[in-house]
Amino acid sequence: MGVIAWILVGLIAGAIAKALTPGKDPGGAIVTMLIGIVGGLLGGWLGKVIFGVESINGFFHLSTWIAAIVGAVIVLFLYRLVSGRARH
């Protein structure tokens, strides 16, 4: 999968990550999209590094979505820590 596909996956993964993690986040829809994009790219990179694969299986594979959502949750958690509004 290319970077454009990971950005698209990341947009959706950001919304899913925000829905999965309780608590109020500073920022609106644009911040969520950016977190999702960064998280999707992070998830793709982690999949390559940890599992040693050239790319995750493909846009419609479950492993791709899990990697993107996990990456988005990590980025969202870090964003909350940095912004000073960690979960209560």
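Axes here are lines fitted to C-alpha atoms, for helices over the stretch in contact, and angles run from 0 to 180 degrees between N-to-C directions. This is a predicted model, where local features need pLDDT of at least 70, side-chain atom pairs count only at pLDDT 80 or more, and totals for chains, interfaces and linings use all residues. Residues are numbered from 1 along each chain as its sequence is written, and side-chain values use heavy atoms, with hydrogens and water left out.

**View 1. Helices α2 and α3 cross.** Helix α2 (residues 29–51) and helix α3 (residues 62–83) have axes that come within 6 Å and cross at roughly 125°. (Helices are DSSP runs of H or I, at least four residues, numbered from the N terminus.) That makes α2 oblique to α3, oblique being what is left after under 35 degrees (roughly parallel), over 145 (roughly antiparallel) and 65 to 115 (roughly perpendicular). The crossing is right-handed, meaning the near helix is turned clockwise from the far one by less than a right angle.

**View 2. The α2 and α3 contact.** Contact means heavy atoms within 4.5 Å. Among the residues involved are V31, I35 and L46 of α2, and A67, I74 and Y79 of α3.

**View 3. Along α2.** At 1.5 Å a residue, the 23 residues of α2 should span 33 Å, and its end C-alpha atoms are 32 Å apart, which agrees. Its buried residues (under 20% relative accessible area, 1.4 Å probe, protein chains only) include T32, I37 and G44.

**View 4. K18 in helix α1.** Look for K18 in α1 (residues 3–20). The C-alpha atoms of K18 and A72 are separated by 8.4 Å, though these residues are 54 apart along the chain.

How values were computed:
Helices (H or I, at least four residues) and strands (E, at least two) are DSSP runs, numbered from the N terminus. The expected span of a helix is 1.5 Å times one less than its number of residues. Buried means under 20% relative accessible area, exposed over 50%, partly exposed in between (1.4 Å probe, protein chains only).
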